[in-house]
Amino acid sequence: MSDEQTAAAEGQVVTSEKRGAVQVVTLNRPQYRNAQNSAMTYALDDAFAAAAADDEVKVIILAATGDHFSAGHDIGSPGRDVDAFFPRRASLWWDHPDKTGAEQRMARESEVYLGMCRRWRALPKPMIASVQGACVAGALMLAWSCDLIIAADDAFFADPVVRMGIPGVEYFAHPWVMGPRFAKEFLFLGEKVGAERALQLGMVNRVVPRADLETETVDVAERIAKMPRMGLALTKMAVNQCEDLMGLQSGMDSVFGLHHAAHSHNAESSEDHLAGHDARSMRDSQR
Ligand code: ZN
């Protein structure tokens, strides 16, 4: 099948529904554990941009259909579209599919990964990630870009990409969202961290039974939505600016260089920039 046929067969990879003052944006590739291809990334961006512009929307929820929030970036589904052209909007980088080497990888990841997540983090309305099941690697970037994370008791978090020789996913927020000490353990081991442990670390706001995840998330969103729009926007900016003064933005910039040194090292010394790994080999090696 062509990329277009695959996309058509999959239907809408992101859905968006307005419930009063709350916009619920939902990842919808459950057959691939919501692995993020570019089609999904740009559909998410469309949904977030519409919610940002809609005066009736005060709070945005990012949720996911199926048993898992997201298995990360799409490195193996039939709908993987790494070679497809999309109009860039998060960065002014040129497009990547017709480039080679580090130029291709940096152009792509600056736009589709780091650029998009930073753009979403700056959206001036509170965003709540509603997480069940797997929240692995590239999925962390989505959850961490949100302001609050509400986790089901079956949620787990992991960044196993050190197995590929890479020092964490592109949106390198690890030391800020879980502290430097645990960030090292999280990365060195690459193991699953359960919802309760994530709560202890301050990485998530609350843990609720799986059956209550949706109602709890909507309840929190509706309570936030009673606050004035401008007050919420300024409050979000206040905390984000302080987080940046604690080094988040500049740390992420410098680590992005290390991340690409790793991709280049892999490309020079192994089969490809992921050290020969794909979705299956990563899943099989996960504890
Ligand atoms: Zn990368």
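The expected span of a helix is 1.5 Å times one less than its number of residues. The exercises below apply to a predicted model.

**Exercise 1.** Determine how the reach of α3 stands against the expected span.

*Solution.* Helix α3 covers residues 101-121 and has 21 residues.

**Exercise 2.** Classify the packing of α3 against α10, and identify the residues that make the contact.

*Solution.* Two packed helices are described by the angle between their axes and the distance between the axes. For α3 and α10 (residues 248-269), the angle is about 135° and the axes lie 11 Å apart. Angles over 145 degrees would count as roughly antiparallel, so α3 is oblique to α10. The crossing of α3 past α10 is right-handed. On the α3 side the contact is formed by A102, R105, M106 and L114, and on the α10 side by F256, H260, H263 and S264. Sorted by class, these are four nonpolar, three polar and one charged residues.

**Exercise 3.** Carry out the corresponding analysis for α2 and α3.

*Solution.* Helix α2 spans residues 38-53, and its axis comes within 11 Å of that of α3, with a crossing angle of roughly 15°. Because angles under 35 degrees count as roughly parallel, α2 is roughly parallel to α3. Here the crossing is left-handed. Helix α2 contributes S38, T41, D45 and F48 to the contact, while α3 contributes V112, M116 and W120. An α-helix has 3.6 residues a turn, so residues three or four places apart point the same way. The class count for the contact of α2 with α3 is four nonpolar, two polar and one charged residues.

Notes: Residues numbered from 1 in each chain as written. Predicted model: local features only at pLDDT ≥ 70, side-chain atom pairs only at ≥ 80, totals over all residues. Axes fitted to C-alpha atoms, helices over the stretch in contact; angles between N-to-C directions. Helix = DSSP H or I, 4+ residues; strand = E, 2+ residues; numbered from the N terminus. Parallel < 35°, antiparallel > 145°, perpendicular 65-115°, else oblique. Left-handed = near helix turned anticlockwise from the far one by under 90°. Contact = placed C-beta atoms within 7 Å. Nonpolar A, V, L, I, M, F, W, Y, C, P; charged D, E, K, R; others polar.
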